[in-house]
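Biologist: Good morning. Could you take me through this structure one step at a time?

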Amino acid sequence: MYPLSRDGKLFCFNTKTGKILWEKDLISDYNAGTITYSFSCSPYIYKHLLILNANRSGICRKF
């Protein structure tokens, strides 16, 4: 499960245990600019990629 907070924190949770597997801060880790209306995109999974409609050109993370 990959929830994204309104302030740009992206988490990966283990769906069975609820433990955080990893987390990223889109602003500091990917240099995503702060935006007026917060982050609100839905993470999209394609094969082994997590794709976000965030920042100027989007963000993609391999997992």
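**Strands, core and rings**

Modeller: Three bridges join strand S3 to strand S4, and these two strands run antiparallel. Please keep in mind that this is a predicted model.

Biologist: Which residue in S4 is the bridge partner of tyrosine 46?

Modeller: The bridge partner of tyrosine 46 is leucine 49. S3 and S4 form a hairpin with two residues between them. In the turn, lysine 47 has a positive phi of about 55°.

Biologist: And how many bridges join S4 to S5?

Modeller: Four bridges join them, and this pairing is antiparallel as well. Here leucine 49 has lysine 62 in S5 as its bridge partner. The hairpin of S4 and S5 has six residues between the strands, and asparagine 55 in this hairpin takes a positive phi near 70°.

Biologist: What is the order of the strands in the sheet?

Modeller: The order is S3-S4-S5, in an open sheet of three strands with antiparallel pairing. Strand S3 (44-46) and strand S5 (59-62) stand at the edges; each has a single partner strand, so one side of each is left without a neighbour in the sheet. On average, neighbouring strands of the sheet are turned by 25° against each other, direction ignored.

Biologist: What holds paired strands together in general?

Modeller: Strands of a sheet pair through backbone hydrogen bonds, and they may do so in a parallel or an antiparallel way.

Biologist: Where do the side chains of S4 point?

Modeller: They alternate along the strand.

Biologist: Let us turn to the core. Which residues make up the largest nonpolar core?

Modeller: That core has 12 residues. Among them are Leu4, Leu10, Cys12, Trp22, Leu50 and Leu52. Strand S1 (9-13) and strand S4 (49-52) each supply at least two residues of this core. In soluble globular proteins, nonpolar side chains tend to be buried together.

Biologist: What is leucine 4 in contact with, leaving aside its neighbours within four places in sequence?

Modeller: Leucine 4 is then in contact with Lys9, Leu10, Leu26, Phe39 and Cys41.

Biologist: You named a cysteine in the core. How many disulfides does the structure hold?

Modeller: The structure holds zero disulfides. For cysteine 12, the nearest cysteine sulfur is that of cysteine 60, 14 Å away. A disulfide would need the two sulfur atoms within 2.5 Å, so cysteine 12 is in none.

Biologist: What about the rings of phenylalanine 11 and phenylalanine 13?

Modeller: Their centres are 5.8 Å apart and their planes are at 25°, so this pair is stacked. Phenylalanine 11 is buried, with a relative accessible area of 19%. Phenylalanine 13 is partly exposed, with 21%.

Methods:
Residues are numbered from 1 along each chain as its sequence is written. This is a predicted model: local features need pLDDT of at least 70, side-chain atom pairs count only at pLDDT 80 or more; totals for chains, interfaces and linings use all residues. Side-chain values use heavy atoms; hydrogens and water are left out. A nonpolar core is a set of buried Ala, Val, Leu, Ile, Met, Phe, Trp, Tyr and Cys residues joined through side-chain atoms within 4.5 Å. Buried means under 20% relative accessible area, exposed over 50%, partly exposed in between (1.4 Å probe, protein chains only). Contact means heavy atoms within 4.5 Å. Two strands pair if DSSP finds at least two bridges between them. Axes are lines fitted to C-alpha atoms, for helices over the stretch in contact, and angles run from 0 to 180 degrees between N-to-C directions. Rings of Phe, Tyr and Trp (its six-membered ring) pair if their centres lie within 6.5 Å; planes under 30 degrees apart count as stacked, over 60 as edge-to-face and the rest as tilted.
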